[in-house]
Amino acid sequence: MDRGLESRLARRREQIRRRTIVRRRIMLGCFAGALVAAALALLFLRGSSDDGDKADQAATANAGKQAQSRPADGQNPDGADSQRGGVHPDDSWKPHTGPVPILMYHVIGDPEGDVPYPDLWLGQDDFKAQVDWLAENGYTAVTLVQVQNAWYDGGTLPPKPIVLSFDDGYLGQYLYAMPILEKQGWAGQLNLKAEGSDLSSKEVKKMYRAGWEIASHTITHPDLTTLDPASLEHELVGSKQQLEKDLGIEIVNFCYPAGQYNDEVIAAVKKAGYRGATTVNPGLAEKSMPFELNRIRMDRGDGPDTLAEKLSAAGA
Ligand SMILES: [Zn+2]
């Protein structure tokens, strides 16, 4: 082989080696670029999701702004954050001191197989049909706090106010009831056990930010009429403190577990600093009975027709 050919071949090999290196570098660069893009996408998704702490903080800050911009209906005159409702008042809202229906729901969803109390379940389709019927018939869902502000503090309510209350803290209340109500721009009232509910603090905070009122339903859901005074106080004061600490909000109202109460229990509920309490006594909630607020029970299979009958039977 002549030296000229040999040196040309050597140059050629060197060119090929360099091109290969360049190609590898480009490929590596692409791969690294893709990794960076993927990492950025993940960061963006985290940041824009409600699960991100920053999103939580921003939403909380927004909630504060909303409450501040609506002093008449969102806050007590004494300045305490008494929770805000999901619906913003408009010109159609007027002073209102008359009775208000409070609907009582438990599990939203369809039971799989045998469940202990099937009557406590309401299918999400039935629930949606009820909400649609309420909207079509001029009702607006408000929170109990908004009702109390109208009853006692000169606040206003929409022409046909109604409270949708949900007991205990079942997952379906978060998974199904919240989005169905949200589509109407509405929110419910969650009567939450401080311990042992299906819902995490994070889920309850999301409900609060969606406008829901969070009320106490004790710590462990006992029959309050059977407790000694110290245990009674623990369930009433302890649940309020625990929920307020967990959620960072003021708990205003109370709901008697299984509707059980007597004069001693009412006195303890007042002493614990609650503004009102819901029962399972049928009828409309009345301004004159703040610690014995009637509710209208919704049972399994209740569609719009039954809801209409029950509202009418209660005098709504
Ligand atoms: Zn309960």
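## Helix α8

In this predicted model, helix α8 bends by about 25 degrees at G238. The helix spans residues 229-247, 19 residues in total, and its first and last C-alpha atoms lie 27 Å apart, close to the 27 Å expected at 1.5 Å a residue.

The buried positions of α8 are L232, E235, L236, S239, K240 and L243. These buried residues pack against β8, β9 (213-216) and α9 (263-271).

## Helix α6

Helix α6 comprises 13 residues, 171-183. From first to last C-alpha it reaches 19 Å, close to the 18 Å expected at 1.5 Å a residue. A kink of about 35 degrees is found at A177, shortly before the proline P179. A177 also belongs to the buried set of α6, together with G172, Q173, Y174, Y176, M178 and L181.

The cover over these buried residues includes the strands β3 (107-108), β5 (139-141), β7 (160-168) and β8 (189-192), as well as the helices α4 (124-136) and α7 (201-209). Just beyond the end of α6, G185 has a positive phi of about 75 degrees.

## Confidence of the model

The average pLDDT of the protein chain is 83, and 73% of the residues score at least 70. Over residues 40-82, pLDDT stays under 50. For this segment the model has 35 contacts beyond four places in sequence. Where pLDDT is low, predicted coordinates should not be read in detail.

Definitions and conventions: Residues numbered from 1 in each chain as written. Predicted model: local features only at pLDDT ≥ 70, side-chain atom pairs only at ≥ 80, totals over all residues. Helix = DSSP H or I, 4+ residues; strand = E, 2+ residues; numbered from the N terminus. Expected span 1.5 Å × (residues − 1). Bend = angle between axes of the 7 residues up to and from the residue. Buried ≥ 20, exposed ≤ 12 C-beta atoms within 10 Å, placed from the backbone. Contact = placed C-beta atoms within 7 Å. pLDDT = per-residue confidence, 0-100.
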